[in-house]
Structure formats: structure tokens, C-alpha cells
Amino acid sequence: MAGASPETLDALLNALRELNARQIRETQQHWRRTLPFADYIVDRWDKAKALGFSEGASVYDSCLVLGDVRVGENTWVGPFTLLDGSGGLDIGNNCSISAGVQIYTHDTVEWALSNGRVSAETAPVKIGDRCYIGPNVVISKGVTIGDGCVIGANSFVNRDIPGGVKAWGTPARVIGITCEKADSSD
Amino acid sequence: MAGASPETLDALLNALRELNARQIRETQQHWRRTLPFADYIVDRWDKAKALGFSEGASVYDSCLVLGDVRVGENTWVGPFTLLDGSGGLDIGNNCSISAGVQIYTHDTVEWALSNGRVSAETAPVKIGDRCYIGPNVVISKGVTIGDGCVIGANSFVNRDIPGGVKAWGTPARVIGITCEKADSSD
Amino acid sequence: MAGASPETLDALLNALRELNARQIRETQQHWRRTLPFADYIVDRWDKAKALGFSEGASVYDSCLVLGDVRVGENTWVGPFTLLDGSGGLDIGNNCSISAGVQIYTHDTVEWALSNGRVSAETAPVKIGDRCYIGPNVVISKGVTIGDGCVIGANSFVNRDIPGGVKAWGTPARVIGITCEKADSSD
């Protein structure tokens, strides 16, 4: 890793800075939004398509996607997220996976405690259709969440959540049911 | 999207890697800090200026800024943040918006539950002057936070917080008052 | 900051997009993972080495590293993290610093409240060997965490945690002891 002259690197850096300034101006003008630089490079729908996600799904550049992850139609995946499918991850249609959500199908608790002798453990996660997973929610390995659930912001979900409920807390507990305002059968 | 040869892409990738290595060395030497690559491209004060934020405000590259967002003088906005002004967001002077903070003026709870039939709901958020919003705090739509507040790390704020208090928890509750150590009248 | 023609910027943007598409394809094929764009530029082990971290340590591009930070052997540092060594930060061997973790050795609470008149306060943090620090954990200035600890997801740690325990919550409290499944003496 050597070769480019300082002048070449300066020119590249300047061009990247000009590019960012232009994209900020244009995106602000057309969409009234300003994105992290890499999101001007990485189209959210293209990235979802490249990952084999279903029609209409989108995923921000900063999302890490590991292993086997299936994502259903029209599901929105926000920035600063982590979708770990190393143990198998299945997310349904029309879900909102808010910014900062981390969904795990493995953990490294025993790896750390054993000084690296014990491997990570895995278990699959399944999230149904029409779920709202709030900002910064962490879901741990082996969990199933049913259809039409709302998981409150900053929750940690480490056990199954049945369909049609609101759950909240660390660890998350069911606190009510969700009322669907429109026919969701189609 | 095709055209560049594999050799051209390799050369670009190598130049980007050299550029990052150089910026790490220089930034470490001069500022004793190492940043995400894009933060070498995007100046925090320039980004704030391009967004119309007030004098002295700064915002990291990874912050997403949506819709109408007003940010006051000298306010610091950290990385991995989301400022959603789709319903109108107003942040005062000299605030510390810590890393991982997400401030919403819309939510997609009903959008998800209704299978996409119901649109997102919006409501404005206002944060006063001299507020410390702790790491990973989530503020939901419709909330007003007064001047001189401290919101503890990992809190979820879903109702108004009066000025001059500390609040903490999910949902956040007032746990005490703040004592200003210096005259804050100017 | 002016000079490059619109055509030059378009060509750069297209090349960056093609590069990302290629890296997604190749990384997906070889490693079954898809990364934020900048993580194709920034090698996790190279970044750790450039920062003086110990053998086998790795750190994602999106991690901000400020001031004096020491990281031990084989410690893994995830994305969307912040390691603040402005007051001195020491992390041991074989730790797992999960995605979203923020470790502070300063805070700006009084800076915000005093309208910028009072400087940030600092105090060192020390984390022992073989610790698992869960996703989105925030550790505040002045804290010491012993060897072989597990800190649960979404916790806020603002006081010392002795070695060999599990702690959880906001603020974090000890909830049990950790059992090491393998000899950790070497």
C-alpha cells in the first residue's frame, strides 16, 4: 500500500470534499435531507436488491448484514443497524427496523469469558410482518416476534413476543395490545 | 452502472486506502483522534453551515438530518445521530447532542401496523438552550424540553420536560434539578 | 474548495458506486457479509495497528477513538462505537466491545449547563480482560470494570463493577456471577 503521491491524494481528497458539498446541496434541495457521505454512494434500494431482500425493501449504507438474512417486502431498515444472520434471520413484510436496531443470532459472551476458547453460540431469530422495532432496540439470539408487534425504543428483547402486542423494557415485557387501524389481510 | 475497468476500480480502492492511512496518521498526530473515514472528507463545521445551523455549531458526517431542523449557536451534534425535522425540530444554543441520540418528529408505528396504509404521523419537537442530551437518548415526536436540562444516557423521552431539571429513564422522569455553575444570562 | 468540473465529480461518484457494488458482491461471496462502504476501505486490523492496539485486536471504521486509548490482545471493537481516552482509557485482552458501545472519560454536562464557561471534566476508565460489553452500553468517566465481566445490552455503567460478575441496567447493578467454561489462566 504505497504509490500515490501526496499530490494525488490531495487531489482525491479535494474531489471527495467537492462531491460531498455538491451532494449535500442537491439532496437538501430535492429531498430536504442531508445524509452521511456514503449514503450518496450507496442507494438504499440497490443495496437491498444486491442482498436478495424482497421488492420495495431498503437498507442504509451503515447497516452491517452478516450471514443468512431474509427481509420481506417494503421493509425499511434504518442507519446504524446490525442484522446478524449467522444463525439465520428472517424479517417479514412492511416492518420498520428503526435506526440503531441490532438483531443478533449469535453472541460472544462465552467467547470473551473463556479467553477465546469457546466459540460464539448461535440460534435463529424470526420477526413477523407489520412490526415496528423502535430505535436502539437490541434483539438477542433465539427470539421469535409475531406479526403486528410494536417494540418500544431502547428495549432489549431476549424472549419470544407473541403477535399483536406492544412490548417494552430491558428485558422487554408485553405491556398491551396493538390495534390495527386498517385491514391488513392483503 | 458499468464502465470502469477492474484495474480502474483497484486503483481507486488503493488510493482511498492510502488516503485513509495518511489521514489517520496526520489526525492522530495533530489531534490525537482517529475518525471514521468519511469524517476526514466532511468537515463538521462546514456541514453545519451548509445546513443553515447557527454560528459555531458542528455536526458529524454520520448524522442524518431530515426536513426542517434549526440548531442554535455552539451546539455540538455527535456521530450516529438522527435529527428528524419532518414535523419541525428546533434545538437551542450551546447544547450537547451526544453520540447515538435520535430525535423524531414523526413515527411509523401506524404505518407498520396498517401494512403501509396509514402514513407516518408528525408533531414538532423543541429543545431549549444549554441542554445536555446523553448518549443514545431517543426523543419522540411532540416533546418540548426546557432550557438547562440534563437527559441521562439511554433514556427515552416521550413527554415534556420542564427547564432546569435532570431526567432519566425509559420513559424519562424528572429526578432532580440542575445547578448552573456559571452565569448563563449572556 | 472549487475546481473539479461537474463531469469529473460525476465520474468519481460513478466509480465509487461501481466500486461499492463490486465490493458488496465479492465480500458477500467470500465472507457472506455486507459492510458499510468505508469498511471496504478501512481494514479493521490495520486500523487497530495504526492506533497502537495490541496483537489481534480489530476495530471497525465507524469507531471514533479520542485521546489515549490502550486496547489489549484479540479484543474486538464493533461498529458505531466511541472510545474516549481524553481522560485515559485502558481496555484489556480478549474483550468484546459490542456495536454501539460508548466509553467516556470526559463529559460535557457542566459545559452545556454553564453556557460553555466550564470545561469538560475528565477521569480515567479501566476495563479488565475477558469482558463482554453488550450492545449500546454506555460507560461513564471514572469507572473501573474488573476481569471476566458481562455487561448487559443497553446498560449505563456509572460506578465500579468488580471482576467475575454480570451487571445490567440503567444504572447498571450486579445481578450475578459469571462462570468461566474454560481455563482462562493463560
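This section describes the interface between chain B and chain A in a predicted model.

The contact between the two chains involves 51 residues of chain B and 48 residues of chain A. About 4,000 Å² is buried between chain B and chain A, with carbon and sulfur atoms contributing 62% of this area. On the chain B side, the greatest losses of area to chain A fall on B:E18, B:I41 and B:L113, which together account for 17% of what that side buries.

Polar interactions also link the two chains. Across the interface, 17 residue pairs are in polar contact, both residues of each pair having a pLDDT of 80 or more. Elements of chain B that each supply two or more residues to the side touching chain A are α1 (6-31), α2 (38-41), α3 (44-50), β3 (64-71) and α4 (109-113). Of these, α1(B) gives the most, with nine residues. By residue class, the side of chain B that touches chain A comprises 27 nonpolar, 15 polar and nine charged residues.

Two salt bridges are counted between chain B and chain A. In a salt bridge formed by B:D68 with A:R32, the closest N and O atoms lie 2.2 Å apart.

Strand β1 of chain A (residues 33-34) is joined to β3(B) by two bridges, and the two strands run antiparallel. Within this pairing, A:T34 has B:V65 of β3(B) as its bridge partner.

Terms used: Residues numbered from 1 in each chain as written. Chains lettered and ligands numbered in written order. Predicted model: local features only at pLDDT ≥ 70, side-chain atom pairs only at ≥ 80, totals over all residues. Heavy atoms only, no water. Contact = heavy atoms within 4.5 Å. Buried area = accessible area lost by both parts, 1.4 Å probe. Salt bridge = Lys/Arg side-chain N within 4 Å of Asp/Glu carboxyl O. Polar contact = N/O pair within 3.5 Å; in protein donor to acceptor, adjacent residues only side chain to side chain. Helix = DSSP H or I, 4+ residues; strand = E, 2+ residues; numbered from the N terminus. Nonpolar A, V, L, I, M, F, W, Y, C, P; charged D, E, K, R; others polar. Pairing = 2+ DSSP bridges.
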